[in-house]
Amino acid sequence: MGNAMETLLTRRSVRKYKPDMVPRDVIEAIMEAGLYAANGMGKQATVIVAVTNREVRERLAEENRRIGGWEAGFDPFYGAPVVLIVLAEKDWPIRVYDGSCVMENLMLAAHAQGVSSCWVHRAKEEFELPAWQDWLKDLGLRGEYEGIGHCILGYADGDAPEAAERRPGRTFFVE
């Protein structure tokens with residue numbers, strides 16, 4: 001295992017990707033790390049759907065673009081060939097917190113595997129739509145799920161961004 005602190009301090013969101021597909025075994029390893037995220041009461045109420053199918057990825061990107069209000073032709077997934085969709089059981093009161101932990105694990109695991117990532121929003125709005133709810137049912141998911149986020153994966157087209165300077169005054173001690 002790599003150095004956890006280094007991974008935590010050097011991961012960056014990437015917004016420009018090469019079209020090269022991430023190998024399936026690497027995607028599976030990243031997803032496994034997501035399954036080990038902290039979760040309330042050990043309920044494990046989240047699921048991860050890996051989209052590597054180009055046609056489905058494009059439909060998802062178009063829906064995300066439309067919801068986000070961008071002009072036609074904009075790719076909210078920045079060319080990343082893999083989209084990991086994190087969803088959580090809709091009736092679980094801490095679904096957003098649990099799903100957020102999964103998202104963080106996915107991004108950190110990707111970085112540790114040499115894969116770039118970025119959290120892309122609007123999964124909640126997408127998976128409120130009947131067509132995408134039906135798509136989940138076609139995949140075999142039963143029950144009601146809320147979209148938490150998309151973790152896009154791929155290989156950066158260019159250098160990863162530099163870390164922004166950290167704002168001071170954000171840590172406190174009570175001794």
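This is a predicted model: local features need pLDDT of at least 70, side-chain atom pairs count only at pLDDT 80 or more; totals for chains, interfaces and linings use all residues.
Tyr17 sits in the loop between H1 and H2, and its C-alpha atom is separated by 19 Å from that of Met103, which is 86 residues away along the chain.

Residues are numbered from 1 along each chain as its sequence is written, and side-chain values use heavy atoms, with hydrogens and water left out.

Now the overall picture. The chain has six helices and four strands, and along the sequence they follow the pattern α-α-β-α-β-α-β-α-α-β; helices (H or I, at least four residues) and strands (E, at least two) are DSSP runs, numbered from the N terminus. For 175 residues a compact globule would have a radius of gyration near 16 Å, and the chain, at 17 Å, agrees with that; the radius is taken over C-alpha atoms, and the globule rule is 2.2 Å times the number of residues to the power 0.38. The C-alpha trace spans about 50 × 40 × 35 Å along its principal axes, and 40% of the 175 residues count as buried.

Let me turn to the sheet. The four strands form an open sheet in the order S1-S2-S4-S3, with antiparallel pairing, and two strands are said to pair if DSSP finds at least two bridges between them. Strand S1 (46-51) and strand S3 (116-120) stand at the edges with a single partner strand each, so one side of each is left without a neighbour in the sheet. Neighbouring strands are turned by 25 degrees against each other on average, direction ignored; axes here are lines fitted to C-alpha atoms, for helices over the stretch in contact, and angles run from 0 to 180 degrees between N-to-C directions. Between S3 and strand S4 (residues 145-154), which run antiparallel, there are five bridges, and Trp119 stands opposite Cys151 in S4.

Which strands does helix H2 touch? Helix H2 (residues 24-35) packs on the sheet through S1, strand S2 (82-89) and S4, and its direction makes about 165 degrees with that of S1, contact meaning heavy atoms within 4.5 Å.

Helix H4 (residues 95-112) lies across S1, S2, S3 and S4, running at about 10 degrees to S4. Its 18 residues, at 1.5 Å a residue, should span 26 Å, and the end C-alpha atoms are 26 Å apart, which agrees; the expected span is 1.5 Å times one less than the number of residues. Among the buried residues of H4 are Asp98, Val102, Met103 and Leu106, and the buried residues of this helix pack against helix H1 (4-10), H2, S1, S2, S3 and S4.

Finally, some backbone angles. H4 is followed by Gly114, whose phi is positive, near 80 degrees. Tyr78, in the loop between helix H3 (54-68) and S2, has a positive phi near 55 degrees although Tyr78 is a residue other than glycine, and Tyr78 is partly exposed, with a relative accessible area of 27%. Arg122, in the loop between S3 and helix H5 (123-126), is not a glycine either, yet has a positive phi of about 80 degrees.

How values were computed: Buried means under 20% relative accessible area, exposed over 50%, partly exposed in between (1.4 Å probe, protein chains only).
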